[in-house]
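Work through these exercises with the structure open beside you. Try each task before you read its solution.

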Amino acid sequence: MATVGGGVTQTGSSVVNGATLTVANGGTIVNDTILAGGSAVISVGGVDNGSTISNGGYEMVLGTTSGDQIFGTQVVSAATAVVTSETVFAGGTVDLYLAGVIANNLTVNSGGTVVISGHAIANNTVISGGLIELDSPKAVLSGGVTFEGTSGEIEILVAPTTSAGYQNLEIVSGFVNGDIIDDTAAALGTYVTSSISTSGGNTVAVISGSLGSETFTFAGTLVSSTLVVQSDGNGGQEIVACYLPGTLIGTPDGETAIEALSIGDLVLTASGAVEAIRWIGQRSFAGRFIAGKSNVLPICIRADALADGIPRRDLWVSPEHAMLLDGVLVPAGQLVNGVSIIQAERVEEVSYIHLELAHHDVILAEGAASETFVNDDCRTIFHNAAEYDARYPNARPVPAAYCAPRVTQGFALQAIRQRLDERAGVRILLANAAA
């Protein structure tokens, strides 16, 4: 066991497997590395600046740290402990363990985890694809949370007390496709109701259960249908970001959000042709009217589910909306595998927007080949169907003509599903479950 005493600064050293380094009151380490199997204790009054805790390394913080890079495990456990501007990487865990602990400006990268398991405070946290676990009824997320990238998550594991900092959690920015706030059954109790509204220029989501209610405030007036409250599959509820409005469509001038397009605007087809929008169909549903209806509830095709970079972001479509795969059109509902392609179990509200060209074709939505609207006697499902008749009073009904074969069964669909399932690791997951 080695000790860095008061008044001593140690720079650039390594703590090897089996060794323990203690930084005493008044001692400082700078840019040290705690290797796998090594450990360090930053005592009350001790300081760690810019060290790296390697995968398999361990650090106990009772004093202060700043700028550490966490690939292993760091436990912050003293009323005097303060950690600042640390980054948690894949495989890394920071456990904020005791009342009085303060963590400022943490960044949690994909595969990294921050656990608040005591009455600790995390201020101005950035979730860059990582996970925050709120494992204490008095855990506090203060100063707002910023989401960066995609697939970040806040998981609420216990019911908060009335003073908890996540009963009214502020999301500063960046909550997009793939990000999740999971209000587990242990925290929520039996689900009662949820709502999404706008207030004071912000978007407010409220989830209520038998153990109480929690409010999540998202900075800015998000379109309400871009947030969905749905079952987390384990008795709780989760908030996810959906882009139905907000879906990016390829045009000759670059990608444009679908709701910003107008009749007459030009879009790119998957073949590279340029076509004008003839009509835009719109329909919306309140969640209570479509509960349990798999033919209406939205489908999420996660980023990279179809191929590398396709789609580029999570793509939300209606179940009957077809994607062009292997030269055939497959409705999204036929592709659900529960991993890379999922269906929402519950929504507060959902809005669908469909583009119609002069003939049925395939355009690029989030980079994925996605069909345009074809009128197979279904125009009346849209709330603005009368708008088409007013614009084109002399239009004559014509038989629906698809640009490619549409499949809902058979060997072609089976081959596509198998390929996408294997890409998502579905077979591996099932094999592990069976074992």
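Buried means under 20% relative accessible area, exposed means over 50%, and partly exposed lies in between. Keep in mind that this model is predicted.

**Exercise 1. Cysteines**

Task: Decide whether Cys 300 is buried or exposed. Then classify Cys 403, and state how many disulfides are counted.

Solution: 
- Step 1. Cys 300 has a relative accessible area of 0%. The cut-off for buried is under 20%, so Cys 300 is buried.
- Step 2. Cys 403 has a relative accessible area of 36%. Partly exposed covers the range between the two cut-offs, so Cys 403 is partly exposed.
- Step 3. A disulfide is a covalent bond between the sulfur atoms of two cysteines. The cut-off for a pair of sulfur atoms is within 2.5 Å. By this rule the count is zero disulfides.

**Exercise 2. Aromatic rings**

Task: Count the aromatic pairs. Describe the pair of Phe 71 and Phe 89, then the pair of Tyr 388 and Tyr 392.

Solution: 
- Step 1. The count comes to four aromatic pairs.
- Step 2. Phe 71 and Phe 89 are 4.5 Å apart, centre to centre, with 5° between the planes. Planes under 30 degrees apart count as stacked, so this pair is stacked.
- Step 3. Locate both rings. Phe 71 is in the loop between strand 12 (69-70) and strand 13 (73-76). Phe 89 is in the loop between strand 15 (87-88) and strand 16 (93-96). The pair therefore ties together parts that are 18 residues apart in sequence.
- Step 4. Check accessibility. Phe 71 is partly exposed at 29%, and Phe 89 is partly exposed at 21%.
- Step 5. Tyr 388 and Tyr 392 lie 5.0 Å apart, centre to centre, with 50° between the planes. That pair is tilted.
- Step 6. Tyr 388 is buried, with a relative accessible area of 10%.
- Step 7. Ring pairs link Tyr 388 and Tyr 392 into a cluster with Trp 279 and Phe 373.
- Step 8. Look for charges over these rings. The charged end of Arg 278 sits over the ring of Tyr 392, 3.9 Å from its centre. The charged end of Arg 379 sits over the ring of Tyr 388, 3.5 Å from its centre.

**Exercise 3. Cavities**

Task: State how many cavities of 30 Å³ or more are counted, and say which strand gives the largest share of the lining of the largest cavity.

Solution: 
- Step 1. The count is two cavities of 30 Å³ or more.
- Step 2. The largest cavity has a volume of about 210 Å³. Its lining has 19 residues, and Ile 258, Trp 316, Val 317, His 321 and Ile 353 are the closest to its centre.
- Step 3. At least two lining residues come from each of strand 37 (315-317), strand 41 (349-356), strand 42 (362-365) and strand 43 (368-371). Strand 41 supplies the largest share, four residues.
- Step 4. By class, the lining has 12 nonpolar, six polar and one charged residues.

**Exercise 4. Backbone exceptions**

Task: Describe the peptide bond from Ile 310 to Pro 311.

Solution: 
- Step 1. Recall the background. Most residues other than glycine have a negative phi, and most peptide bonds are trans.
- Step 2. The bond from Ile 310 to Pro 311 is cis, with omega near -10°. Pro 311 lies in the loop between strand 36 (299-301) and strand 37.
- Step 3. Asn 31 is in the loop between strand 5 (28-30) and strand 6 (33-34), and is partly exposed at 45%.
- Step 4. Asn 105 is in the loop between strand 17 (102-104) and strand 18 (107-109), and is partly exposed at 35%.

Methods. Residues are numbered from 1 along each chain as its sequence is written. This is a predicted model: local features need pLDDT of at least 70, side-chain atom pairs count only at pLDDT 80 or more; totals for chains, interfaces and linings use all residues. Side-chain values use heavy atoms; hydrogens and water are left out. Buried means under 20% relative accessible area, exposed over 50%, partly exposed in between (1.4 Å probe, protein chains only). Rings of Phe, Tyr and Trp (its six-membered ring) pair if their centres lie within 6.5 Å; planes under 30 degrees apart count as stacked, over 60 as edge-to-face and the rest as tilted. A charge sits over a ring if NZ of Lys or CZ of Arg is within 6 Å of the ring centre and within 35 degrees of the ring normal. On a 1 Å grid over the protein atoms alone, a cavity is a set of points where a 1.4 Å probe fits but cannot get out, and a pocket is an open set with protein on both sides within 12 Å along at least five of seven lines; lining residues have an atom within 4 Å of a point. Grid points are joined across faces, edges and corners, and a volume is the space filled by probe spheres set on the points. Ala, Val, Leu, Ile, Met, Phe, Trp, Tyr, Cys and Pro count as nonpolar, Asp, Glu, Lys and Arg as charged, and the others, Gly among them, as polar.
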